[in-house]
Amino acid sequence: MTATAKFGAISLDSKDPRGLGLFYRQLLGLELKYESDELVVLQGDGVTLTIERVDDHIPPDWPGNRVPKQMHLDLFVTALDSAEQAAIALGASKPVPQPEPDRWRVLLDPSGHPFCLTVPAIPTG
């Protein structure tokens, strides 16, 4: 079976990407690949962790379910249009709006979890 996408990253939302990035760098010994006020990219042992700024982020209230756990997958592809079509053919749906459709596509898996298809801007490996 030929894959449509390659697992790219686990992405966390945060009001403070730099602060959360520092926490995970120190906790997991990850290498800093990129850092800005909007995005931190960490890498280590075959996994990439990104932390993205969400100004109105509300932390989950685990173990409650009023505010559920939050994260999404970034899946790396070589061509956005064909990867989007393949994912939709497998059962994904495409919500509106799309924040930056030239850079990534936000899709929903069959259970409603968001994931992003993107062409990686930062080399992986």
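Reply: **A sheet and one of its loops**

Arg105 has Leu117 in E7 as its bridge partner. This is a predicted model, in which local features need pLDDT of at least 70 and side-chain atom pairs count only at pLDDT 80 or more, while totals for chains, interfaces and linings use all residues. Residues are numbered from 1 along each chain as its sequence is written, and side-chain values use heavy atoms, leaving out hydrogens and water.

Strands (E) are DSSP runs of at least two residues, numbered from the N terminus. E6 and strand E7 (residues 114-118) run antiparallel and are joined by five bridges; two strands pair if DSSP finds at least two bridges between them. In general, strands of a sheet pair through backbone hydrogen bonds, either parallel or antiparallel.

Stepping back, the seven strands make an open sheet with mixed pairing, in the order E2-E3-E4-E1-E5-E7-E6. Its edge strands, pairing on one side only, are strand E2 (31-35) and strand E6 (104-108).

Now for the loop between strand E4 (47-53) and strand E5 (72-76), where you will find His57. His57 counts as buried (under 20% relative accessible area, with a 1.4 Å probe and protein chains only), because its value is 14%. Beyond neighbours within four places in sequence, His57 is in contact with Asp13, Ser14, Lys15 and Gln70, where contact means heavy atoms within 4.5 Å.

Met71 also sits in the loop between E4 and E5. Met71 is partly exposed because its relative accessibility is 47%, which falls between the 20% and 50% limits.

Definitions and conventions. Helices (H or I, at least four residues) and strands (E, at least two) are DSSP runs, numbered from the N terminus.
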